[in-house]
Amino acid sequence: MTAPEKQMRLVIVGATGMVGGYALRYALDHPAVGCVTAIGRRALGISHRKLKEILHHDFADCSTLAEPLSGQDAVVFCLGTYTGSVSDVKLRTITAGYTIEFARVLRTSSSTAAFSFLRFPSGHWLMEEKPALTSAALKDFFGN
Ligand SMILES: NC(=O)c1ccc[n+]([C@@H]2O[C@H](COP(=O)([O-])OP(=O)(O)OC[C@H]3O[C@@H](n4cnc5c(N)ncnc54)[C@H](OP(=O)(O)O)[C@@H]3O)[C@@H](O)[C@H]2O)c1
């Protein structure tokens, strides 16, 4: 496959996980993607000419991600956890709180970037995509 003229700049959050890892491998192999910025709390342990890695330890505050999130075309947000693996309060913090906080900074840095994230509405998972999502809209979405 030949690369298109304008390649996409993509961010993947949680690429050390199973879903994020698949997204990462797919993106690195895809000619339409020119640059992948992987953001997570642990190093991936791989290198690739298209890959930039940002270590970020506290997703309750994503302010320091403003610069790496500027000029991006799309984000695939795969950070998450499972029911029963953490307390219900922590589950909500990770699932809703971290997603809303990340979207807040993304909106400031790349206001038109597409934002995809996983949710569990009624017994099955969906990948949602919201272009230029506001934190307020996400709070409504998560029922805050
Ligand atoms: N696997 C499935 O079949 C499936 C299906 C539908 C939906 N989902 C949902 O999709 C999401 C990802 O699933 P997965 O299977 O890829 O999960 P996973 O393998 O456990 O990966 C989760 C990712 O989130 C990160 N993470 C978790 N808690 C964090 C925290 N407190 N701070 C920072 N990073 C944190 C992990 O980082 P570390 O590597 O550092 O732990 C990892 O990158 C989850 O919400 C899951 O419930 C999964």
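Tutor: Start with contacts, where two residues count if their C-beta atoms, placed from the backbone, lie within 7 Å. Among contacts in the protein chain between residues at least 6 apart in sequence, 61% join residues at least 24 apart. This is a predicted model: local features need pLDDT of at least 70, side-chain atom pairs count only at pLDDT 80 or more, and totals for chains, interfaces and linings use all residues. Residues are numbered from 1 along each chain as its sequence is written.

Now the strands. Helices (H or I, at least four residues) and strands (E, at least two) are DSSP runs, numbered from the N terminus. Strand β1 (residues 8–13) pairs with strand β2 (residues 33–40) in the parallel sense, over six bridges. Pairing needs at least two DSSP bridges between two strands. Arg9 stands opposite Cys35 in β2. β2 also runs parallel to strand β3 (residues 51–55), joined by five bridges. There, Ile39 has Ile54 in β3 as its bridge partner.

Next, the core. A nonpolar core is a set of buried Ala, Val, Leu, Ile, Met, Phe, Trp, Tyr and Cys residues joined through C-beta atoms within 7 Å. Buried means 20 or more other C-beta atoms within 10 Å of a residue's own. The largest such core has 29 residues, and Ile12 is among those with the most contacts inside it. Helix α2 (88–109) is one of the elements giving two or more residues. α2 gives the most, six residues. Ile12 touches residues including Leu24, Val36 and Val76, not counting residues up to four places away in sequence.

Technical notes:
A residue is buried if 20 or more other C-beta atoms lie within 10 Å of its own, exposed if 12 or fewer, and partly exposed in between; C-beta atoms are placed from the backbone.
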